[in-house]
Amino acid sequence: MDGVPVPKCESEPTKRIARTPRRFLWRQLVNHYALRVVILLAGLALTTPHLAFGGDPFELRDGDRIVLIGDDLIERNQKRGYLETQLIIRNPDKSLVFRNLGWSADTVFGDSRAGFGTRADGFQQLKSHVLGLKPSVILVGYGMSDSFAGEPGLLAFEKGLGILLDTLEESKATFVFLGPIEHESLGSPLPNPRGHNRSLELYRDVLARAAQARKSPFIDLSQLAPAGAEIALVTPAREEAPLTSNGIHLNAKGYWVVDTRIANTLSHEDDWKCSVRLDGDELVASNGVEVSGLRSIPDGIRFEARLRRLPDPSAPKDAAGEATGDGQGIMLEYKGLKQGRYTLRIDGKPVRTASADEWGRWRLTNGPDHSQTEAVRTLVNEKNRLYFYRWRPQNETYLFGFRKHEQGNNAREIPLFDPLVEAKEKEIARLRVPVSHVYELIRESEVGQ
Amino acid sequence: MIARQRLFVSTLTLLWGMTASISALAQRAEFAIPDPDPEIERKSFVVAEGFEVNLFAADPSLAKPIQMNFDPQGRLWVVSSEVYPQIKPGQVANDKVLILEDRDGDGRADRTSVFAEGLLIPTGVEPGDGGAYVANSTELLHFQDQDGDGKADRKRVVLSGFGTEDTHHILHTLRWGPDGSLHFNQSIYIHSHIETPHGVKRLGGGGIWRFRPRSLELDVFIRGLVNPWGHHFDRWGQSFATDGAGGEGINYCLPGAYYVTAPDAVRILAGLNPGSPKYCGEEFVSGAHLPPAWSGSILTNDFRGNRVCRFVLSEDGAGYSSREQPELIKTPHVAFRPIDVKMGPDGAIYIADWYNPIIQHGEVDFRDPRRDHTRGRIWRVTAKNRPLVPRPKLVGASTETLLEALKASEDWTRHNARRVLTERGREILPKLKDWVASISKEDPNAETLKLEGLWVYQSLDEIEPELLRSLLNSPDHRVRAAAVRTAGHWRLHLDDALKLIGKSVADPHPRVRLEAVRALALFPSKEAAEAAMAGLDHPVDRFLDYALWLTARDLAPHWLPEVQAGRLDFQGKPERLIFALLAVDSPEVVKPLTALLKAGRVPSELTSKVLSTIAARGEPTDLELVFQLAIQPMASDRVNRPLLLDTLVRATRERKVRPTGDLTKVQLLLMADNATRAAAARAAGAWKLDSLRASLVSIVSSKGGPESVQRAATDALAEMGGEASRADLKRLASPDSPGATRRLAIGALASVEPETAARLAVDRFAESSRPGEVESLMARFLELQNGSKALAQALKGKSIPADVAKLALRRVQASGRPEEALTQALSASGQLANLPKGISPGELKQLVEEVAKHGSAQRGEQIFRRKELSCLKCHAIAGAGGQVGPGLESVGASAPLDYLIESLMNPSKAIKENYHALVVATEDGKIVTGIKLRQTESNLILRDAEDQEISLPLGSIEDQKPAGSLMPENLTESLTRSEFLDLVRFLSELGKIGPYSISKERVARRWRVLEPTKDEADRISRNGLDATLETKGLTTWAPAYSLVSGVLPLSALKPTRTYQGMIGLASTQVDVTTAGPVKLRLNSIDGLKLWVDDQRIETQTDLTLDLKPGVHTLTISVDMARRKDNLLCTLEDLPNSPARAAMVVGK
């Protein structure tokens, strides 16, 4: 394509150059206000947002260091872990490091990071934290807190955002922009969000324009409630259920939905298609699964299956303990079974008993691979908690602040969280790779005892 | 002296220069860790007459309780943290919320269950809304148990973004207000940034939040306080807070007010018990089980002094006064750390005992092995021979029963009934309406009961205008005040809220007026400001004055532009407009003020204030107006000339503006009174009035002139600058000049030619060792950014007397800055041996033993009071003394001996919060060191080592950085070893049970004693005391302080010979806030005469004084020949007197 824009740092390492085509497409598509309309229209027709843009989507690379900055949208994400988990398991061959630097009520000026100092000090903190992590990707999640300044604050926001991005350019990282979510209407006595949503719209536009100017992806997180196409993909179980706890903060379901939307954009991933079709002891087809060792055993069949990648995390459960959305299942199709009831055992553990007909087509939604995903998510959350102790330790005043002459000796403990974080990451690296499981389908008479 | 700023020393010192391990720390434990048996602890309690204590719960089922609250079922919820103060790498945060139940009602918990775990230093718990709110570091959580198994299975983040810069300051003290608001506190170091659906809320510093859990509205209720771990409401909804690191006892919470340490505070409200130790937790006690006199009093905990204390509040105008009573519990047991106190369902008092020999963590190492992480107790205190209150059954009771429970005399019952009613929701409304209607007019509590009803409506967010209206007109002013506050909260739902509240501004009771004035601040309109300022038509006390000032400022964006545009003049009442303008004190108020001044509408008593505001904020032509008025020949009668001149000078220095017109006329004032002369000289310097140079030189050269004027003139020459000035100063600084002149001239020269001045200073040091001279010269160099460098340079190769070097070094250390080059130069020039820093563990251990064995607290107190140690210059005991360092009244009860010793030797190693020095470099080359008091939008205010407040414009600050302690390091070097042991022993006894605990009597502790000049002595000798006092002819009073016991020793007096014999004079002050008779008691009247405000009164041991509100001076003369006893002067209440009076404390 002609006229491919030259990134500012073209002479810099290949990574950025490699990403250029994607950026270009973004520039084409993230074309000011019309953009969101395009996304929405496209979203209605297509399944995932990146498909709406055609061509190469943003792709994470082995060794990427992804730093997340922003307000509560980002800070609270670290306790959910959906985004990191999704990106990790969708890229089982890549080593990705995530560092969440979100801070409640933070603004593009670093207001929440000022500590005892001024806004300028807060900004310095933001800068040094981000640059100190040597990021290759920076996920920018600002806007909600800023938006409360309303229209009068818009110009300052735009300017502040520009300064922040210019400052962080030093890292030569690729930016990815998130738009703030909508203020969800939850009814009285919570406030009517109409006015605030008008502000959010304005701030979202600023972010979209900044993304466009910097040829970076912008991920629109508005329009969550009336499920957009990419949400339709995961079919919310109860469309009525709110996605926020208070109008402005995502609940578990909300993070699951939003993180999926982000992951779909950042990870070059087709629809989840994972299926095994057998006819007797013949493998008819498989998709996303490597099947081996298929053979008949007395009154049944046996094979080993290894997923190409783990399924996405399952939807969180609601208060009643029910899943709030469909997860990604593994489609199992068994033809040519003799009549009777069969039990599926995975790694020797019974999973389901059903008739031969019922085994004709069935989705496995809570197998060992799902558990493995959940294990990754648990580790991600544990890692994030340890990292939180590391970068935002309690008692900072005494450890590093103006009373460090009293307790600064104990500051030596803080770097000791690093190996703990790394240990969790090693464990994550091990678990992000799917392993082979033994599937056995055996007639009931044989397993009844 | 002593720990001017820190109380304990971290173990850092120990680790210094050696590879001490944690086990080495363990070996140095100076006190035996007490036997943890709860019965041993219980037996150590000295309990108030008529009360007894039993153990309700203890470890191992309970570790480190932090906050506790009962639920309506009578179960006690406790948050406990073993992780505090800091999570270790690899440690799993598994702190807990516990539920303690006493099912059989025997006063002992028979079941402890874990409701929630996996928490990180949870510091607050408050049951409610079907579960419990829990403060968990950065978050406010709500836990619910949905399946009824007694364990939380649902967690909701209610709010997040609370700061964690200090784990004993994090979100704490959760408390339901009677109106259904959840309150919680944070402390000085915490910066919280919270997103709510209503917007982002930030609070950097201490304060109390007010939160509506249903609508998620979050607001700051009050700002400031150092570490406010106590907050409770009286029966009429008024808030009071205690401070675990402040020294003013009970704080009345005026809505929206700023308290000590509040960020951006221009003016703060003081607590009700200045000079108090620190308190943690707070509970109004009430109910039938306790003796009737206890009802309505406050319990709180002196956790440092191992005491549970009681205060009685009484109304004092718009606010309150508070008086400490004998303790409920005191003990010598060092691990008894009462930190929370609550009334229980049975009418007994419950006390959470954090149980720890080590408190705090700022100053004591996080990992000090003496810290206890596993123990904790809940004590239950009952009144002997008084029946308990039957435990009310509220959960599951009928709505009618719950409404009847609102009539209970126990706050516990009413509060929990309100909670259950609130959680039932709107279904109770019809019955609530009937209940309110059924309240009999004959019922003596009818009004208070209706208020209970109003609060239930408010808790349910149900507007009930009719009930509100009736309570706004209640015969009980306390109910009216509460109703006004509710009206403010309901303002958006009432048609005529502004009018309703505006009416209360004219209420006969000052507190109702105060509530109305503050409620009006919630209305963003000029009409609200107009309505509020009408409050000035009625008597205004200090609380109301603060409220008016605050509201005028809060509403300034709505009324000030209107005034500027000439559309608003506050109903043509200049005093209202002037009050509001002075409150705002910004450049915008200058034009309206000058207009009033020119129109002759400024009342004479306000003229000086108006002029100084104009001078501080105005443009050159405005300044000219002030200047012209200041130099008018007759002006001295009407205005405070020195104040105005100095304000103009400040405007010139800080804002670079000067009055227009001919400024040389200031020369006229060089011949006025001394204060005016000095100010005029400063003006001549600041305005660089060359034509006045000769006059200034002659002032400096004249013999016997007052030093203040001479110094001003010398400095003016320096500020004027130029070759001529330098020449003048060098001449004045030459050895030909008298010593004092030389010193002043060298000091002034330092600011323009530091190198020359430094050489001259070193020459001077070589020949004079007068302490005052050395210190004052050192001070001049140290206040300059390049001063110490110049001095160090000039000292090279020079020799100065060792004593001079020591004095100079002391001054350097008091700067709070390292100044290594200068320290070395002084040591070298004075040939001082390099003193080894620190002390070895072995030496420390030995010292600790010797203090216990040989130290005498009685001798130590005398050493403490020695002038040359200047301890009292910076530290107060029970409020009396300097305010630069922390008060020491309970230091012995809280600080282990080893920390005390290390604090004396190395003051900067551990510093009490809020007592860190700040070093500020200003654009004019100066460097200022002091304790940060507050910072407004425009200025940083510091308290320097001389206890002076220094206000620095933010724009003039080039750089600022934290420094250590302002306490000099070598203060104790002049002491012999045995004196040192005595001093430590004295400090270690402060606050412990015994002769060195502070009595609760209102004893005069802060005195002024006359140190007469020769002239004054002559006059007394000639005219006698009465005539001299009546003509107010005595001005040279020096501070003096009572002993810890309260007596002022006669040796503190400076007697002078008169024709009546050797007479000593001492004076003290009484602050009367509500007029009425009070009793003043003297231990004996032998040899005494008394004057009140310079009027002689008859001398009796029991005097009845009937004084107007304000500060009154009591002067006592002592005939040294006839008096043998020391002086003890106590203020006491008279039965049925409305008077509220207190002894003035402070420096």
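These legends describe close-up views of a predicted model. Local features need pLDDT of at least 70, side-chain atom pairs count only at pLDDT 80 or more, and totals for chains, interfaces and linings use all residues.

**View 1. The largest nonpolar core.** This core has 200 residues. L254(B), I378(B), W559(B), V666(B) and M778(B) touch the most other members. A nonpolar core is a set of buried Ala, Val, Leu, Ile, Met, Phe, Trp, Tyr and Cys residues joined through side-chain atoms within 4.5 Å. Buried means under 20% relative accessible area (1.4 Å probe, protein chains only).

**View 2. A second, separate core.** It has 73 residues, including A173(A), F218(A), Y398(A) and Y84(B).

**View 3. The contact between chain B and chain A.** Chain B gives 54 residues and chain A gives 46; contact means heavy atoms within 4.5 Å. The buried area is about 4,100 Å², and carbon and sulfur atoms give 52% of it. That is the accessible area (1.4 Å probe) that two parts lose on being put together, summed over both. In chain B, P89(B), E195(B) and P197(B) lose the most area to chain A, together 17% of what that side buries.

**View 4. A salt bridge across the interface.** E413(A) pairs with R367(B), and their closest N and O atoms are 2.6 Å apart. The count between chain B and chain A is 2 salt bridges. Each needs a side-chain nitrogen of Lys or Arg within 4 Å of a carboxyl oxygen of Asp or Glu.

Note on methods. Residues are numbered from 1 along each chain as its sequence is written. Chains are lettered from A and ligands numbered from 1 in the order in which they are written. Side-chain values use heavy atoms; hydrogens and water are left out. Buried means under 20% relative accessible area, exposed over 50%, partly exposed in between (1.4 Å probe, protein chains only).
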